[in-house]
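Keep the sequence and the 3D view side by side as you read.

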Amino acid sequence: MTHDEQGALEQDILRLVSSRLLDPLEILLGDGASGALEELRAKARHDAATWAADLLGPDRPRAVHTGARLIAVLYPGDAAFDPPLEWWRTPLGRAIARRVGHPSADRVPYAVAGAMLGITRQGVHDLVRRGKLQQHPDGGVATRSVRERLDPGGAHGDHP
């Protein structure tokens with residue numbers, strides 16, 4: 001993990017927390033809650049640094065837990081989390097791919113595997129053909145093999 005990578009992740013998390021949680025709360029509550037909202041913004045700045053460190057740190061179970069909490073809160077919904085391909089290029093998307101894999105699928109289509117890896121779908125086909133990624137028995141690519149390719153040192157932690 002580089003300092004730049006952690007800083008970019010921290011800023012991405014803070015941007016999401018602000019735009020998805022704090023800004024709507026400010027609109028809803030109005031000027032009367034400005035002091036409380038400033039306290040929440042300060043706490044979010046502090047906590048974003050902690051969450052980024054947890055996601056990128058050596059404790060894989062903590063990274064998985066932090067990633068799951070962030071996704072549950074920042075991307076709520078009744079359906080399983082299925083982000084667009086471009087999401088995987090964001091700092092949060094890259095960190096989730098590396099430490100968690102796909103948070104709601106044990107297999108992904110080749111296009112999604114490519115987005116997670118930052119390569120083309122043809123590149124994924126090549127890696128599967130060469131045995132560098134595992135093809136899932138039901139089609140597509142096993143999410144675990146994508147994560148393990150991105151985070152080979154983190155392959156021994158528990159995976160939900």
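Trp 88 is buried, with a relative accessible area of 1%; buried means under 20% relative accessible area, found with a 1.4 Å probe on protein chains only. This is a predicted model, where local features need pLDDT of at least 70 and side-chain atom pairs pLDDT 80 or more, while totals for chains, interfaces and linings use all residues. Residues are numbered from 1 along each chain, and side-chain values use heavy atoms, without hydrogens and water.

Now find Trp 87, which is buried at 7%. Its ring and that of Trp 88 have centres 4.9 Å apart and planes at 80°, so they make an edge-to-face pair. Rings of Phe, Tyr and Trp (its six-membered ring) pair if their centres lie within 6.5 Å, and planes over 60 degrees apart count as edge-to-face.

Next comes Phe 81, buried with a relative accessible area of 13%. Phe 81 pairs edge-to-face with Trp 87, at 5.2 Å between centres and 80° between planes. Together with Tyr 75, the residues Phe 81, Trp 87 and Trp 88 form one aromatic cluster, and the structure holds four aromatic pairs.

A pocket is an open set of points on a 1 Å grid where a 1.4 Å probe fits, with protein on both sides within 12 Å along at least five of seven lines; lining residues have an atom within 4 Å of a point. Of its 13 lining residues, Val 17, Leu 21, Ala 44, Asp 47 and Trp 51 lie nearest the centre.

Definitions and conventions:
Phe/Tyr/Trp six-rings, centres within 6.5 Å; stacked < 30°, edge-to-face > 60°. Buried < 20%, exposed > 50% of the residue type's maximum accessible area, 1.4 Å probe, protein only.
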